[in-house]
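Hi there,

Here is the structure I promised to pass on to you. Have a look at it first, and then read my notes below.

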Amino acid sequence: MSKPVVLIAEELSPATVDALGPDFEVRTVDGTDRPALLAALASADAVLVRSATKVDAEAIAAAPLLKVIARAGVGLDNVDIKAATAAGVMVVNAPTSNIISAAELTVGHIISLARHIPAASGALAEGQWKRSKYTGVELYEKTVGIIGLGRIGALIAARMQAFGTKIIAFDPYITSARAQQLGVVPVTLEELLAQSDFVTIHMPKTAETTGMIGAEQFKLMKPTAFVINVARGGLIDEDALYDALTAGTIAGAGLDVFVSEPPTGSKLLGLENLITTPHLGASTDEAQEKAGVSVAKSVRLALSGELVPDAVNVAGGVIDPYVRPGIPLVEKLGQVFSGLTAQSPLTSVDIDVRGELADYDVSVLRLAALKGIFTNVVSETVSYVNAPLLAEQRGIAVRLLTDKESPEYRNVIQIRGALADGSQVSVSGTLTGTKQIEKIVEINGYDVEVTFAEHLIVMVYTDRPGIVAVYGREFGDAQINIAGMQIARHEAGGKALSVLTVDSPVSTALLGTVRDAISADVMVEIAITE
């Protein structure tokens, strides 16, 4: 069989090709040569680009075999995500590859503005010794305002605190607890602009954020203040910035990004109180290598039918960062669920998502649940691509349900199903605490709170004195160490459910012995695979 074709349309690090491995035919093309690109896409299963190659609707239409578009970087301005989704093509990027490089460049701009480093260097190169002209300011005890306290904003906060600055931030989605954790004071945008000596913006470019720093905002700033943008061109109104710099409304600015790149003919270029760099946020050896390796791994996953953590679209919709932590949780719940259904064929499955998650597109959790359910029960490799087909082939009806009401947990996800013998099975889970720990919180209507382990034993029996000692002795005699245990019941003397986490697999024979010893209604071992 021929190997899948991976097309590299721009120069990427050698480590990128190494990360792809030997399973693909790697071809190259100049992505800026439009006719050559369209011709090469005709036989491509995947295409890797940076920022110069335009993967628009025309390019996608020219690629009938295309399954994944990989952008070795953060931004996706050059990829038509809507057209890709409509064509069933996955789009992936490397969202964390350049965050350190971008944060360090921001700090470089701040220091350069404070000490006039580029201008002083240029003057000295021309033979001018003008020490007094380039007197700067210290960063110590200055106020740095960060607009957008995401991953890059948080890195900048940590780095600028080392200079003895006060950090304030505006981010409508950051909690006060998170801000406190970062040592940052949350403020309104107006307060940030009025108080800051240095303002740095780190927001995504959307209809709402385009031009968010304009003439009115500059009027709120100190005349001694500086503004820096290494995020996206257009977040700062360039005409308003020019007016503010030439009128002395603010002291200076640092730009790494522009509305039009390169900014040929921009009136901003040449202003003495503006420092510029040619979109260098990701231009470090380390960032380029991390980006290439990251998307190469994503391409491998995508072409093998696996879910890609850095995919920005899957199953027709965007995977929101708030949803992503739930994917591995639901996969594990699916494995527990399938372990509980061994006594009879499954006829239907409901994936019920409750809480704040219901405000998001959670269609990917349906795929995760099905993948988990079938992972340990079919001979073929189960992926996010073939899991729905496996359910369809077995006549299993699958529904995804959502409800914003979740009385006990911020979010809870339940997988429940009907079996051919008329019985019902369910398992629920949630993510708890700042570390988002995965826990089982319900099994077949019994409330529990159990962290996942590689080996779980679930038992249902009639509650009576001494029964824990019985199965504890049986496992102990077999050298099976019980790492954790929880028992749940509805009433004394009724049925009880016990969940054990153990350090090693349990033989079928031992399970049978324990079942007989305690007259268990249910006795199953469930092995959780990552």
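Which residues form a nonpolar patch on the surface? Please keep in mind that this is a predicted model. The patch is made up of Val468, Met485 and Ile487, and together these residues have about 230 Å² of accessible area. You can find Val468 in helix α16, which runs over residues 467-477. Val468 counts as partly exposed because its relative accessibility is 32%, and partly exposed covers the range between under 20% (buried) and over 50% (exposed).

Now compare that with Val448, in strand β19 (residues 446-451). Val448 has a relative accessible area of 4%, so this residue is buried. Leaving aside residues up to four places away in sequence, Val448 touches Ile440, Val441, Glu442, Gln486, Ala488, Leu497 and Val499. As for distances, Val448 and Asp521 are 73 residues apart in sequence, and their C-alpha atoms are 18 Å apart in space.

Helix α7 (residues 151-161) is worth a look as well. Its buried residues are Gly153, Ala154, Ile156, Ala157 and Met160. Why do they lie on the same side of α7? They do so because they cover an arc of only 160° around the axis. And what covers these buried residues? The cover includes helices α5 (99-115) and α8 (176-182), along with strands β6 (143-147), β7 (166-170) and β9 (198-201).

Best wishes

Conventions:
Residues are numbered from 1 along each chain as its sequence is written. This is a predicted model: local features need pLDDT of at least 70, side-chain atom pairs count only at pLDDT 80 or more; totals for chains, interfaces and linings use all residues. Side-chain values use heavy atoms; hydrogens and water are left out. Helices (H or I, at least four residues) and strands (E, at least two) are DSSP runs, numbered from the N terminus. Buried means under 20% relative accessible area, exposed over 50%, partly exposed in between (1.4 Å probe, protein chains only). Contact means heavy atoms within 4.5 Å. The arc is that of the directions from the helix axis to the C-beta atoms. Patches are made of residues with over 30% relative accessible area and no salt bridge: like charges are joined within 9 Å, nonpolar side chains (Val, Leu, Ile, Met, Phe, Trp, Tyr) within 5 Å. Accessible areas come from the Shrake-Rupley method with a 1.4 Å probe; for residues, only the protein chains shown count as cover. A salt bridge is a side-chain nitrogen of Lys or Arg within 4 Å of a carboxyl oxygen of Asp or Glu.
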